[in-house]
Amino acid sequence: MIDRKRAVLGGAVAAGVGLGISELIAGILGATQSLVVSMGEWVIEVSPDPVTKWAIEAFGVYDKLVLVISLIVVALAFGGVLGLVARRSIALAGVGFVAFAAAAVLAASRNPLSSQAVALLAGGGAATAGILSLAFLVRPSDTVSQDASRRAFLRAAGGLAAVAAVGGVAGRWLVDRVAVLTNRSDIILPAALEVVDTPQMAAPTLPGLSPLITPNDQFYKIDTALTVPMVDLTTWTMRVTGMVDRPFELTYDDLLELPMVERYVTLSCVSNRVGGDLVGHAKWLGVPLTDILTRARVQDGATQVVGRSVDGFTVGFPTDVAFDGRDAMVAVAMNGEPLPFDHGFPARLVVAGLYGYVSATKWLSEIELTTWESFDAYWIPRNWSKLGPVKTQSRIDRPRMGEVISSGPFTVAGVAWAPNTGISKVEVSADGGIWQECTLGEDLGANSWIQWWIDLDLDAGVHDLQVRATDGSGYTQTPDLAPPRPDGATGWHTVRVQVS
Ligand SMILES: Nc1nc2c(c(=O)[nH]1)N[C@H]1C(S)=C(S)[C@@H](COP(=O)(O)O)O[C@H]1N2
Ligand SMILES: [Mo]
């Protein structure tokens, strides 16, 4: 028979394996809550009021964490006791494990949000893993040497403890992820006070032409995040801080209660090359940035608005820009859907007319007012311009560079954008010839890109097609080629085609 110390340790490790496995099963099966947390909630419910009050006072915001840790400690201690029991009867110890797991399953099944089947599987798996581990650890040693048997026990116990820890952490991570996914899909978006028109014109059916509104799953994605932040709505807040008289903090529910507007805004990346695809056009729903800033009472001299993300990324733009009448908002939805995780769930900044790197903080956690001189946002020390107004641009979507087309009529088409002024004219030229004016598609507003097209009759051979746009201020795109760094590319998009 193994000694008492080993039995206690073995029992505790076996209980740990059970807990770890239950978390892992819950996570893999997509549970939104773990058995341990369900038990914790049950304990809170059955505890007399003075006890819960005392716990909240004593541990503050950590009360739940303390409870969960206490439960784990209790479970491990119970495992230790069962280890002692196992010296006499492994079957009796097994009953103990099953009883503990059954209590957890019962606790979980009282929660309407958790699935009974998942709880049962997690509990059953936990009991099985716990009993097997215990049987393995307290089995009579087959070596003669005391030392060798102790080393073997410690190796086995250590290995199993590691399994428990890894399983528990992985399961915990999965459970949190599932909860975040569920929370997002349960969101009911508020109605906008001001809605935008839905497109009226039938879009021309020209293969290759970008749609007037970019679907979320086709929208370009640029960020510095190694893994997309999965923000938990139950703990997320957005703070307004710095040089304001009335700093405040909003939960997600608070944010959704504020008056919302809908806006079409073209978002583009400063890294977009001429003709590149780091640009998209979506319908955003959000709270006007001016509402947020006015509520916080921006102080004189607060010349910069900084948008900070949960992952530490920052943008910065002049406070004047926020108040110059352009569309700028804390957006919560994109094309009628809560922001996708990739595009900044639960909230992001959208500022018409500024490149994303100075304005469009995804996974927004803080808006800080400061001075222009005292802070440089993420990309500024990396040799990108501190001011990032979007340049007027146009792009040929069809034909594609190098495409082979047959001679005769062909409809050349693409998009053009000039935030804050809109596009007044798009022209195309073949082989440096005269500029021919294109037909413009539906105009959804100054911050929307516009589709354009023109029928050309091309004869056999190699042709260079070029496009240039004139914006609402009368400015026509310069032919001068500039690279994206430091403040955005310029030049006419040129597409070489082979006509046969
Ligand atoms: N948190 C965070 N927000 C960010 C970025 C980032 O790296 N991290 N990149 C910015 C840049 S450079 C651009 S162009 C836009 C892109 O937004 P999208 O991925 O939704 O298209 O997000 C901006 N917001
Ligand atoms: Mo960007």
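In which loop is Asn-335 found? Asn-335 belongs to the loop between strand S7 (328-334) and strand S8 (337-338), where helices (H or I, at least four residues) and strands (E, at least two) are DSSP runs, numbered from the N terminus. The structure is a predicted model, in which local features need pLDDT of at least 70, side-chain atom pairs count only at pLDDT 80 or more, and totals for chains, interfaces and linings use all residues. Residues are numbered from 1 along each chain as its sequence is written, chains are lettered from A and ligands numbered from 1 in the order in which they are written, and side-chain values use heavy atoms, with hydrogens and water left out.

Backbone geometry was examined next. Most residues other than glycine have a negative phi, and most peptide bonds are trans. Asn-335 has a positive phi, near 50°. A cis peptide bond, with omega about 0°, joins Arg-398 and Pro-399, and Pro-399 lies in the loop between strand S11 (393-398) and strand S12 (404-405). The peptide bond from Arg-485 to Pro-486 is also cis, with omega near 10°. Pro-486 is placed in the loop between strand S18 (461-471) and strand S19 (493-499).

Around ligand 1 there are 19 residues, of which Tyr-220, Thr-224, His-343, Arg-348 and Lys-362 come nearest; a residue is near a molecule if one of its heavy atoms lies within 4 Å of it. This shell consists of nine nonpolar, five polar and five charged residues. In these classes, Ala, Val, Leu, Ile, Met, Phe, Trp, Tyr, Cys and Pro count as nonpolar, Asp, Glu, Lys and Arg as charged, and the others, Gly among them, as polar.

Polar contacts (pairs of N or O atoms within 3.5 Å; within protein, one must be able to donate a hydrogen and the other to accept it, and residues adjacent in sequence count only if both atoms are side-chain atoms) were then listed for the ligand. An oxygen atom of ligand 1 is 2.5 Å from a polar side-chain atom of Lys-362. A nitrogen atom of ligand 1 lies 3.0 Å from a backbone N or O atom of Ala-360, and a nitrogen atom of ligand 1 is 3.1 Å from a side-chain N or O atom of Ser-309. On its own, ligand 1 has 540 Å² of accessible area, of which the protein covers 99%; accessible areas come from the Shrake-Rupley method with a 1.4 Å probe, and for residues only the protein chains shown count as cover.

Ligand 1 takes the space of the second largest pocket. A molecule sits in a cavity or pocket if more than half of its atoms lie within 2 Å of its grid points. On a 1 Å grid over the protein atoms alone, a cavity is a set of points where a 1.4 Å probe fits but cannot get out, and a pocket is an open set with protein on both sides within 12 Å along at least five of seven lines; lining residues have an atom within 4 Å of a point. The second largest pocket holds about 400 Å³ of space, a volume being the space filled by probe spheres set on the points, which are joined across faces, edges and corners. Its lining has 24 residues, with Ile-222, Asp-223, Phe-313, Gly-356 and Tyr-357 nearest its centre.

The largest pocket contains about 1300 Å³ of space. Among its 39 lining residues, Gln-33, Ser-34, Val-37, Arg-172 and Asp-176 are the closest to its centre. Helix H7 (146-185) gives the largest share of this lining, 12 residues. By class, the lining of the largest pocket has 20 nonpolar, 12 polar and seven charged residues.

Two cavities of 30 Å³ or more were found in the whole structure. The largest cavity has a volume of about 220 Å³, and of its 17 lining residues, Gly-18, Leu-19, Phe-100, Ala-101 and Ala-126 are the closest to its centre. This lining has 14 nonpolar, three polar and no charged residues. The second largest cavity, of about 100 Å³, is lined by 15 residues, with Asn-272, Tyr-355, Gln-393, Trp-417 and Ala-489 nearest its centre.
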